[in-house]
Each structure stands twice: as C-alpha cells, then as structure tokens.
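Here's a quick briefing on one protein model, meant to be read with the structure open next to it. We'll start with the sheet and finish with a helix.

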Amino acid sequence: MHKTFPINPKSQFSNLSKMAETQFLTTKKRSAAVHDGVDGFDYTTKKSMLFPTTKADQDPAAALAGARHEFGEHGGVNMSIEASATFTVMEPETMRRMFAGELGADRDFFIYSRHFNPTVLNLGRQMAALEGTDAAYCTSSGMAAISSVLMQLVSNGQNVVASRTLYGGTHALLTHFLPRVCNITTTFVDVSDVESVRHAIVEGKTKVLYFESVSNPTLAVADIPELSRVAHAMGVTVVVDNTFAPMVLSPARLGADVVVHSISKFISGGADIIAGAVCGPASLVNSMMDLHQGSLMLLGPTMNAKVAFELSERIPHLSLRMKEHCKRALEFAKRMKKMGLKVIYPGLEEHPQHGLLKSMAHKEYGFGGLLCLDMETEERANRLMDMLQNHSQFGYMAVSLGYYETLMSCSGSSTSSELNSEEKALAGISPGLIRMSIGYIGTLDQKWSQFEKAISRFQDSGLFK
C-alpha cells in the first residue's frame, strides 16, 4: 500500500494536490473579502493551479512546457523576483486568517519567505512538473532536502532501510547524525538484491526505504518499480535521490513516493548555486510546512528568491544540456573501453543494469552524464587526474557534477571519504575509482584528443597497464 502523510486539517495548502491546466494569473495583492469570492472569480479553480497537471507517463520536457508560466509584474516574459522577507496585508483580520490556515499561497497570500515565497513557489512548480509529482518545495541545499524529508517521515526509535552505496554526506547523516540526535537507526543493504531489502524491512518500525536512482559514485542503477512494490507492500515510504539522472529517470512515475535533488548539480549546470528540492505528494509538502510540526518550516532551510529565479531560468534548457552530457559520456565510455581502460558506464551493454536502465529511462536522454574509471589504486588515479587537468586541459579536479566542463574526483578520498574502509568495500568503491562528470564545452573530438594526450603521457610514466 502507498504511504499517506497526515496534515493539519486547517492547512492553507490542503488543496495542493488538486491540479489544473496551465493558466496565467495575476499576483496583485487582494483583500480577504475579494478572495472569498466577492469579485466572482472561481477560487476553487485557482487553488487547484498551485502546482501543474502532469501525466504519469509524460516526458519531463513536455511536463515542464505545460507548467504554469509566471509573467513579470509589468508584462515581462520572465517573472519578477519577489525579494521581500515579509508581506503586507490589506486588513488586520487577514493576518489572523493566514496564521489559522484559512488563507495562503494558493490564493496569493504570503506571510514570510521562510514559509512560502512567490518566486521560490514558481521554482517548486517547475520541479513538480519535472518529476511528475503533486508538489515540490525547494531548499537551500540538497542535504537540507534529504535531512528534512527523513526527519519528517521517521521518528524517534524508528528505522530507515537504505542503500549501502550513497553520497558520503547522506551516509554520514544516516550513520552518525540521526542516531545521535534523533535515535533513528539505518539498516544498509545492497538494493540490487530485492530479497535483502525485503528482509531488512521491519514492519511497524521501518518507515523509509532510501536509495539513489543511480548510485554515487559506482553508477549502479536501482530497480525503482520493484523496490517500490516491495516497500509499499510493507507500508514503507520510498524516497529516491535523483540528482544523477534528471530527465533520464522519473522515479515518481516509476513508483517512488518522494524524489529529492541536489539542484546544485545538473539542474543548475553552472557550479555556482547550492540548492535542493523535495518533490512528492502535496500531503507531504503540507506536513513539512506545518507551523507546529513541519521540518522545513521549523528547521528553516530556506531558498533565497534570487537563487530560485536564477534556477527557474535554467530549467527550460535542462533537457538540451542533459542530452549533450549523456551523448558525450556514452561516446567517451566506448572509446575508453577500446583503449583497455576499466570503465563503468550504464550505457555500455556489459554494465550489470544496462537493460534495466534502458527499460526505465526516457529514451531521448541517454544513460546519464557520469562515468567512472577504475584505476585500482589512489596513486594511479591521482596521477591520471593530474595529467588530465594540468597537462592536457581535459577537465578539472573538483567535486560536484553537472558542470559544462568535465569534473573529476577520486571518490574514495573525497565525496565518499565519510565511509570507512569496510563500508567502501561493501559499496564497491575501489581506492582508484575516478568519478567523471562529462562536460559539453568544446567539440567532442577536441576533448577526446586532450584525453588521449594525457593517456599517452600516463603510459610513458610506466603506471599504465
């Protein structure tokens, strides 16, 4: 069965899950009397348009194109930035009604930007359309999104079942922080073994199954439909981190309940913004924004409106960027394989989950923009990266991903350094694993020539086998 999320019956966002076709609406401040329908406008219809209509099997680009478009205050094709921290009302009684949950963002009434902000709300609509969910709330970072969701869904003494291969920060949150602060424990499993997942779930105690659609850094692909089926049969909520595969995969359309993102990566594309998102049922967003019990409302991982505006202008060309990231990653993976390098990429037929990803992915977007080279030892990995950056200018030694330049890091000593040696071994993280986020700057042949130049120098060093 699917998980439901309790909400305050007075919640001003209780109609978030009602959705309608795209319309263009004024955001001018109205009085509460006018909003009660005195002017003859059908506010039931308006409330239903807070988030977009999305068909379950819809291509993400089509869903984004169908999302509500906000024009600027003076008719600009881009929406205006609402930079205010607090908002005025026309009558004193309106403020009481807002705090009572009778009036809210669905009727263009805003209290305070830690709560809801019009510009951030617009980005949330885009993220909900992208992931095919009822609603979305955007946060100050990806870790803010992840931690807020888990703290909302799991309580003291309860349990999470999670993939043993996760981003290091998420692993540390589950292994160290949540047990110490919240008495929330995590059972780590190999999510490719569905029976192990089933056996790890303790009915009545396990509340969340958490995994990455494509694992960081090993690029293992999760069977989202099957894992969701198993979890739902045991009353467990499925939370999927889709940071590595926007446009490529749509976990909510495949059965997941909640999708989280580090928007800092592919969705931003510029390596200049830190941001996150929670995409899921309107009831979950409601509960996370509750004035008394909401993790987002009370912990306050608020996104700045200016950041939200920047991101909302980048999402429309995400599909084009992802296609090029994925196209180049596949081509480089094939060429690296021909050179005799140990390359890991889900687009290669020998990848264990190649067929699975092919069956789940949106066909136009390929197999992802990341690949891994296993150089076996950290010394060899570091030497190769040094040559790729400092000798041939193929890419940069830097963490993160989704940038227009290629970014490279040795995962075991960087983004997965929170795992101990045993945990890395269980997760399949080799000491010499180089994670590459393939960029799209320059021509493909130009960048490949730079790679070959570095490999030639690496061979001359005597470290290449």
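**Strands and a helix, up close**

Strand β6 (residues 258-262) and strand β7 (residues 276-280) run antiparallel, and 4 bridges join them. Helices (H or I, at least four residues) and strands (E, at least two) are DSSP runs, numbered from the N terminus. This is a predicted model, where local features need pLDDT of at least 70 and side-chain atom pairs count only at pLDDT 80 or more, while totals for chains, interfaces and linings use all residues. Residues are numbered from 1 along each chain as its sequence is written, and side-chain values use heavy atoms, with hydrogens and water left out.

**The sheet**

- The strand order is β1-β7-β6-β5-β4-β2-β3, making an open sheet of 7 strands with mixed pairing (two strands pair if DSSP finds at least two bridges between them).
- At the edges sit β1 (135-139) and β3 (185-189), each pairing on one side only.
- On average, neighbouring strands here are turned by 20° against each other, direction ignored; axes are lines fitted to C-alpha atoms, for helices over the stretch in contact, and angles run from 0 to 180 degrees between N-to-C directions.
- Helix α5 (residues 118-131) packs on the sheet and touches β1, β6 and β7 (contact means heavy atoms within 4.5 Å). The direction of α5 makes about 125° with that of β1.

**Strand β6 and its partners**

- On the β7 side, His 261 has Ala 277 as its bridge partner.
- Strand β5 (residues 237-241) pairs with β6 in the parallel sense, over 3 bridges, and Val 239 has Val 258 of β6 as its bridge partner.
- Since 5 of the 5 residues of β6 are buried, the strand is largely enclosed by the rest of the structure. Buried means under 20% relative accessible area, exposed over 50%, and partly exposed in between (1.4 Å probe, protein chains only).
- Both faces are covered: Val 258, Val 260 and Ser 262 are buried on one side of β6, Val 259 and His 261 on the other.

**Helix α17**

- Buried residues of α17 include Leu 444, Trp 448, Phe 451, Ile 455 and Phe 458.
- The buried residues of α17 pack against α13 (318-338), β9 (370-374), α15 (378-390) and β12 (433-437).
- Just after α17, Gly 462 takes a positive phi of about 85°.
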